[in-house]
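Reader: I want to learn how to read pockets in a model. Please walk me through one case.

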Amino acid sequence: MKVVNQEAITSTIPWAETDSDTSIRTTTMTTTTTRTQYTLFSPARKLTYKEVQSTVDVFNEMEGRDIQISPEIVVELNKATEGQYTLYRQLAFVAHTIWESVAYTYVEEIAATQGSQWAKANYQDCDWATDGIQYPENPNNYYYGRGYLQLSWCANYKSYGADRAIQSNNDITDPNLFYDHPELVATKEYAMDSASWFFQDQVHNYNGQFGWTTRAINGWLECADNGDREIADKRYALFKHLADVVGMVGYSPDGC
């Protein structure tokens, strides 16, 4: 769904047409320009490299970086969202993946790969429906954040594989693929797909209140009373920039 705003622009154009008294006559012409405004429920569309990179540039300014993404990232973003998401969800997905992956430069959680063993082994529960921590069969498998939305927890790795295995639009046939091989989530083949799965499965709309998407992804750290609201605000700033560039209206920062 889209709303079209029209603005009339009046311009005066001199015509070199001479009267008998040699004066110049002018004719006033009115032209109309059209600017499309999209709503929350407009379908996702093919984003351009310029639109996504301009949002990364906002991130660069925030974080003191100079990241230039590859055109392939934009292709992957469009593949993951176009035809499946609303425009609002598409733009929110882009904003969150930029933040979570440091503008698509990291596919593994920095604290887990460069920090303590505790950070690496903090996500081992494979079944939240059962009391106590249900550890994986292979103690050498770790389920810390991977992919462009930092998919975490053994239970999520199992659900991701199980869901993809029953779908016909991919090559995954083994429901335990990511449970048995969690390192695959950090590969080029699955980094964006895992992010899209998590976003579709666990992040909901709440009528364009962007803060609720932040709450679903990292709310316990950023939306709690003592949470890091500065990060939540930066996520929203990325989203708002992209929404303004695309021309989408109707959203708010509420929910976090």
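Reader: Which helix gives the most to the lining of the largest pocket?

Author: First, the general idea. Rolling a probe the size of a water molecule over the atoms shows where empty space is left. On a 1 Å grid over the protein atoms alone, a pocket is an open set of points where a 1.4 Å probe fits, with protein on both sides within 12 Å along at least five of seven lines; lining residues have an atom within 4 Å of a point. Helices are DSSP runs of H or I with at least four residues, strands are runs of E with at least two, and both are numbered from the N terminus. Here, H9 gives the most, with 8 residues.

This is a predicted model: local features need pLDDT of at least 70, side-chain atom pairs count only at pLDDT 80 or more, and totals for chains, interfaces and linings use all residues. Residues are numbered from 1 along each chain as its sequence is written, and side-chain values use heavy atoms, leaving out hydrogens and water.

Reader: How many residues line the largest pocket, and which lie nearest its centre?

Author: The lining has 31 residues. Glu100, Glu109, Tyr123, Gln150 and Asn218 lie nearest the centre. Helices supplying at least two lining residues each include H3 (87-100), H8 (191-202) and H9 (210-222).

Reader: What volume does the largest pocket have?

Author: A volume is the space filled by probe spheres set on the grid points, which are joined across faces, edges and corners. For the largest pocket that is about 830 Å³.

Reader: What is the lining of the largest pocket by class?

Author: Ala, Val, Leu, Ile, Met, Phe, Trp, Tyr, Cys and Pro count as nonpolar; Asp, Glu, Lys and Arg as charged; the others, Gly among them, as polar. The count is 18 nonpolar, 7 polar and 6 charged.

Reader: And what lines the second largest pocket?

Author: This pocket holds about 630 Å³ and has 22 lining residues. Lys79, Arg164, Asn169, Glu189 and Asp193 lie nearest its centre. H8 gives the most, with 6 residues. By class, the lining has 7 nonpolar, 6 polar and 9 charged residues.

Reader: Take glutamine 90. Is it buried or exposed?

Author: Buried means under 20% relative accessible area, exposed over 50%, partly exposed in between (1.4 Å probe, protein chains only). Glutamine 90, in helix H3, is buried because its relative accessible area is 0%. Contact means heavy atoms within 4.5 Å. Leaving aside neighbours within four places in sequence, glutamine 90 is in contact with Ala44, Arg45, Leu47, Asn78, Thr81 and Tyr85.
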